[in-house]
Every structure is written in structure tokens, then in C-alpha cells.
Amino acid sequence: VAAGGGAASAMSSSASCSGEEAGTTNGDGSAVLLVAAEREDVTMSKIGSEANGSSSTLATPAKGEEEEAEERLAVSFPEESLHYDTYNGVTIDAGKLPDELSGCPDAFVMALGESLEKWSEEGRRGIWIRMTTDHSKLIPSITDLGFDFQHAEPGKVTLTKWLPSEEESRLPHGPTHQIGVGTLVLHPRSGKMLAVQEKTGPAAARKLWKMPTGLTDPGEDIADAAVRELKEETGLDCVFDRIICFRQAHSGGHLRHSDMFFVCLLRLHPKYEEGLDRGEEVPLFPQEEEIAEAAWIDMERYADQDVWRASPLYKEMNGAMIDAARGGIEYSDRASEVGSADDDTAGGVVESVQINGKTVPTSALGVRSGGFVARTLPVGYRPGTNTIYISKL
């Protein structure tokens, strides 16, 4: 509060983020205090000056309905920040809000409260708010209005609120599954499979030979993830051929995600065949940070490890892999339709496999392998492509 003599000065005040107080003085030296209120109008402040026995009153007339409506309009969300979906919901993109809303929790919550009332009257249902870490100071105000977290990822968070009070929320849960891939690669001459031992983790503690494995990245197809993970862990260039099998698991881990794991058959790039013709072995480059050793091992030896033999689940999975190998693994003629494959890499047959230490021609086994081959095709009714996995059984 400032007090002093001289000419009168006028200063208007409105709701502010910081809740700071604004002051002015009267010509007689008495002080008038204007307090910024979050949602209530300041109608009168009065401080008496005992020095000269005078008093001063600053009165602000109560706002009429039109003025209140204009004020609400001033703090509403701009249309470019809103998306109306086909489920009668609304999404607010905090990144498209002006600074006076995205940077001010008081102004934001006022606009949000007014919008929720309006959307309820319109019969809107699910309300979504998407924001980045830069807007995290808005979160307490948002949750105070009944929003809850739908999902979060590094740098981003989504909150939701179901407006119809008479029915249970039908909004989808956040991400519920993680997608893993395992890669089966057979040596084109010996028929042995590529296996690795990891430096850390449960497999390392058991000194277990396992397939190269990993998780898909956001927006990554299973086929591309399998090729990438194999390259990262062993240095090999391969082409996706098909999915042999997949399993689903539900875990109470720290993310509480269910897990989908796809065993993918890959074939080596033709350049390695050319090297073998020259008497060169297929070079392996184990990933320094994660992989202790990479080697070609007999499939029966792989499946005979104690951990696998004690698991009905993995006995079934390893059996499907061995059946694929015994079938000669007639590589899909559609491999070239996956983005990472070229026309000249399709086709080819593994002519023999190692069974109990013996080389057995696949032609003598009389088994044909099945699985799911990948085709990446245009969606058609909108831009973009999707990958469909089609059973060959």
C-alpha cells in the first residue's frame, strides 16, 4: 500500500495469477487498497486516514449480466485449442493455449470451469486435456475439478473427466500392453539358431541362452522392431519373414502392463551367403552394453536348458520354433512387401537343420511351417499405411 500527497492516480485491478495486491492513493493522502480476487468481484475497499480525520471510499459498481458474460468470454478456450471428436467428447491441447491461460492456473481453472458447465449443458461426454511438462503447474487446478490421470509418458501427460453423472465412465484406460519381440535366425548352412547370453537380468543370473529380444518403440511395427533388435544385439542385417507364434502374459510389475511377446522368424541378408561362398563365417558383433556372448547353437541344445524344460509354456514355444526349422522354413514370398525388405531378398530355403547333433535334410522331414506373414498396405479411406499379419496355416 502506497500513501502520499500530490495528484490523484488511478489504477485498475483484475484477477491475477500471483494474487498480488494493487494499491492507489487519494488526493488527501489516504490510501486505498485494491485486492485482486480469484473469482469474486471487488466492490469496495476503505481505509480511513486518522491524521486529518477524513476518510475515503472507493466503490466499484456490481457487474451486470452482460459484463459478466463478456468476462467469461475473455477467459474461454480459443477454438484452435479444442478438438471435438465423433464420440461427443472434447480434447483441450494446452500447447495451443495463449500464455495468459497456459501460464496462469487461476485463469485456466476459471475457463475450464465455465467450459465444463457449457459442455455438460450440450451433452458432451469425455473431456481430455493433453499437456507437456511445461504446463504441469496447471495439474492441481485440473484435478480439483474432478479430472484424473489417463496416462503419462516422458514429457507428456493426459487427464480425463467423464461428464455424464448418471452413468459410469466409458473412457478407455491408458496403455495396457507392452509389445515384445524375439528373433529366430537360422544359419543358412548349418541350420543352427542364433542365441545370446545377456550381461544383466534374470537370464544372465541363470546363464541362459536365449533369442535376441526387446520391446517395440512407440509407433514401431513388430516386423521392424524384430529387425532392429537383432541388429542392435548382434550386428546382423536381416529381413523379417513371419511370426511363428506369440504369447500373452499378465503381470503385476511396476508398470502393471500386460505383455504380448511375438517370436519372429528372420532371414539373413544375402550378403552373408556370398561371404559363406567365399569361405567366410557370418560375423557376430555382440552389443557391448547388454550382450556377453552371441553364438550359433543347436536348437535341441537350446530347448534342453533346465529353465525351458521345466516350463510347459516355453516347451510349447520352443516346439513351435523347432517345427518351423524342421519344415525347411520356406521364406515368405511376401517378405518384400514389408518396408525393410527388398525384392531381391525374398525366397530361399534352409536345406538342413541340426537335430541331436546330426545334420538332417529338411526335405526328409516332411513338415511344412506356418505362421503369420506381414503385409504393409494403404489404409485407403485416409492417408497412411498399416501392417497386417496373415496366417499361412
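I looked up Cys-264 and found it buried, with a relative accessibility of 0%. The model is predicted. I then asked how far the sulfur of Cys-264 is from the closest cysteine sulfur. That sulfur belongs to Cys-245 and lies 9.2 Å away, too far for a bond, because a disulfide requires the two sulfur atoms to be within 2.5 Å. I also checked Cys-238, which is buried at a relative accessible area of 7%. My search for disulfides over the whole structure returned zero.

I turned next to helix α6, which covers residues 222-234 and has 13 residues. I noted 18 Å from its first C-alpha to its last, close to the 18 Å expected at 1.5 Å a residue. How many of the α6 residues are buried? I recorded ten of the 13, so I describe the helix as mostly covered. Just after α6, I found Gly-235 with a positive phi of about 80°.

Finally, I took values for the protein chain. I logged ten helices and 19 strands. Of its 393 residues, 40% are buried. I noted that the chain exposes about 22300 Å² and that carbon and sulfur atoms supply 50% of this area. For contacts between residues at least 6 apart in sequence, I recorded that 58% join residues at least 24 apart.

Notes:
Residues numbered from 1 in each chain as written. Predicted model: local features only at pLDDT ≥ 70, side-chain atom pairs only at ≥ 80, totals over all residues. Heavy atoms only, no water. Buried < 20%, exposed > 50% of the residue type's maximum accessible area, 1.4 Å probe, protein only. Helix = DSSP H or I, 4+ residues; strand = E, 2+ residues; numbered from the N terminus. Expected span 1.5 Å × (residues − 1). Contact = heavy atoms within 4.5 Å. Areas by Shrake-Rupley, 256 points an atom, 1.4 Å probe, with all protein chains shown as cover.
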